Amino acid sequence: MAAARGAARATRQGVHLGEAAAIAAGAVALAAVLGPHEAQIAAMTAIFALAGVGLNILVGYTGLVSLGHVVFFAIGAYGWARLTESGSPALAVLVPILVSLVVAALIVLVTLRVVGYYFGITTLAIGLLSVVVVQNATPLTGGYAGISGIQQIAVPGFAGPGQVLVMSGLVLAVAYYLQSSLRESPLGAAMLATRFDVPASQSLGLSVAWIRLLAFMISSVPVTIAGAFLAQLVHYIGPDQMSLETSIRLIAIAIIGGRGWRWAPVLGAVVVVTLPELLRPLAEYRLVFYGVALAFVALFMPRGLSQLVTWVGGRIHALRGSTG
């Protein structure tokens, strides 16, 4: 029995690795064939999909709904903007990640006794507070004017948004694989247990507080890296990019995609980022689009796009059976 479970797990890991490789290959291929504008949209989608991995782990695995992860977006973006001025891209990624881990731990300690809707409201307040800090910490963030002229990581053979698309796509592939592997691990099982039944988890000896702390800290990492890529893509970072709309975008990706489903960040980002960009004349109505999409998912598709994919797969299987 143990050998059969091990073989099944190895098979799933192989599938996840193949899917991650497909994501990386898709990003490189798109960067090679798309024009600058289309590559910009594709890179933006990959960046928000990467951030969506973090929210998918937090919301999908533990059930905690955070509206304050824009804090980590800001740490990654401003960290990259300032630290690359000293010519050290590695430090510009690692230092913001460490800062985000510390900030995430502090947020969990502050909100330790807050659950449900109150947790979401508290994290929303933290996110809004971070915007105020960004606006007033002028020597570090540039204040309302922000920081412009931000450098990109150079990728041989590519230029402009294509460079960001390649790099963000590769990092997204790694994050996708780690996210899928986490769900299969004992820690992932413990996270899912706390999502569905807290009293039962505690009766099994699980420390809900520690699990939520780890989940919050882990979820902050991809969001931080996504912030660094966003700063590179638009060559600018300012308070308007850390708005309430960004907070809603991040949480909408995980919910619309299907909380906890491994493809939720990618497909959720396509709906939340790509579609509004393609419908550019309706850009002023983005919040309306997000609101309608969230309401539709809540009313008719509580498992998000994963429910739609499962339904389509079932119909195809049924049709094959009837014609076989």
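How many positive and negative side chains does the protein have, and how far apart do the centres of the two sets lie? I find 16 positive and 9 negative side chains, with the two centres 14 Å apart; Lys and Arg count as positive and Asp and Glu as negative, while His and the chain ends are not counted, and each charge is placed at NZ of Lys, CZ of Arg, CG of Asp or CD of Glu.

I note that this is a predicted model, in which local features need pLDDT of at least 70 and side-chain atom pairs count only at pLDDT 80 or more, whereas totals for chains, interfaces and linings use all residues. Residues are numbered from 1 along each chain as its sequence is written, and side-chain values use heavy atoms, without hydrogens and water.

Next I looked up the fold, and I read 14 helices and two strands, taken as DSSP runs (helices H or I, at least four residues; strands E, at least two) and numbered from the N terminus.

For burial, I find that 47% of the 324 residues are buried (under 20% relative accessible area, 1.4 Å probe, protein chains only).

Last, I followed Phe73, whose contacts (heavy atoms within 4.5 Å) beyond four places in sequence include Ile47, Phe48, Val223, Leu230 and Met242.

Definitions and conventions. Buried < 20%, exposed > 50% of the residue type's maximum accessible area, 1.4 Å probe, protein only.
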